[in-house]
Amino acid sequence: MTDMIAAARDILVNAQNLVAFTGAGMSADSGLDTYRDAQTGVWENVDPHAMASIDAWARDPEPMWRWYLHRKSLSENAHPNPGHRALAELGAKIITQNIDDLHERGGSTDVVHLHGSLFEFRCTICSRPWKGATKPQHIPECPLCGNLIRPGVVWFGEALPPREWDAAENLMSTTDALIIVGTSGVVQPAAGLPRLAATRGVPVLEITPQPTALTPLATVQFTGRAGEVLPLLT
Ligand code: APR
């Protein structure tokens, strides 16, 4: 492990444009469930088609509205872990699939949210941002067009936000060192992004408790938790 840490530190100290690509495992050490871990994964207990699709929203928005506000509350009550703080200390630009705000609260200032955020809301139809109150028992209506306000997250079957996608592609095309942490690497198109860096010969560090679909891209692969391994690299 010592040699791996030395090799990783050598990569990081020479990096001029470090990028981290993160997923739900990044927030696991802050007490937030991942999506696909056995027993505890969010999708082990909730049907994504019933709670994370535009069709379900059109059919029956109330349960989804309450569920996303519940997840927003879980995120607000969670705290950044040493892994979030380590990425901030390393000065990594963040491309995250996560919808919580722990990277920002952990000190990262350059964060791209590919799948949106629990802290953003907009009109379902005209997309006008909503900055008003959000309470579980009532879905607000857009003052402009009267349609329902929705969570600002990407649901299955929806396109990723173009501005964030372009920013992420640009980061992956210019980075000189990539850290992959906390993602199973199975959800496209996000999971295809690290390949843009790896195929350019950029060194890739992966930190994960178990092998993932992205492990083959790793130059150095740590078997471990984000909150434990990342602080060793600062
Ligand atoms: N530290 C690092 N990695 C961890 C930890 C930890 N403490 N705990 C779990 N992991 C790993 C798991 O082994 C798994 O490889 O984090 C990964 C989490 O994978 P997923 O649950 O699939 O989450 P993610 O990859 O972020 O999912 C991508 O899928 O459902 C959609 O929109 C959702 O953004 C999400 C996307």
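This is a predicted model: local features need pLDDT of at least 70, side-chain atom pairs count only at pLDDT 80 or more; totals for chains, interfaces and linings use all residues.

Author: The protein is divided into two domains: domain 1 covers 1-32 + 80-115 + 160-234, and domain 2 covers 33-77 + 116-153. Their centres, taken over C-alpha atoms, are 26 Å apart. Where the domains meet, 18 residues of domain 1 are in contact with 15 residues of domain 2.

Now to the ligand itself. Both domain 1 and domain 2 give residues to the shell around the ligand, so the ligand lies between them. The space that the ligand takes up is the largest pocket. In the shell there are 22 residues, and the closest are Tyr35, Arg36, Trp43, Thr183 and Ser184. Sorted by class, this shell holds eight nonpolar, ten polar and four charged residues.

Trp43, one of the closest residues, also takes part in a polar pairing: a polar atom of its side chain lies 2.7 Å from an oxygen atom of the ligand. An N or O atom in the side chain of Asp29 is 3.2 Å from a ligand nitrogen atom. With Gly25 the backbone is involved, as one of its N or O atoms lies 3.3 Å from a nitrogen atom of the ligand. How much of the ligand's accessible area does the protein cover? On its own the ligand has 730 Å² of accessible area, and the protein covers 95% of that.

Conventions:
Residues are numbered from 1 along each chain as its sequence is written. Side-chain values use heavy atoms; hydrogens and water are left out. A residue is near a molecule or strand if one of its heavy atoms lies within 4 Å of it. A polar contact is a pair of N or O atoms within 3.5 Å; within protein, one must be able to donate a hydrogen and the other to accept it, and residues adjacent in sequence count only if both atoms are side-chain atoms. Accessible areas come from the Shrake-Rupley method with a 1.4 Å probe; for residues, only the protein chains shown count as cover. On a 1 Å grid over the protein atoms alone, a cavity is a set of points where a 1.4 Å probe fits but cannot get out, and a pocket is an open set with protein on both sides within 12 Å along at least five of seven lines; lining residues have an atom within 4 Å of a point. A molecule sits in a cavity or pocket if more than half of its atoms lie within 2 Å of its grid points. Ala, Val, Leu, Ile, Met, Phe, Trp, Tyr, Cys and Pro count as nonpolar, Asp, Glu, Lys and Arg as charged, and the others, Gly among them, as polar. Domain bounds come from an automatic or database domain assignment. Contact means heavy atoms within 4.5 Å.
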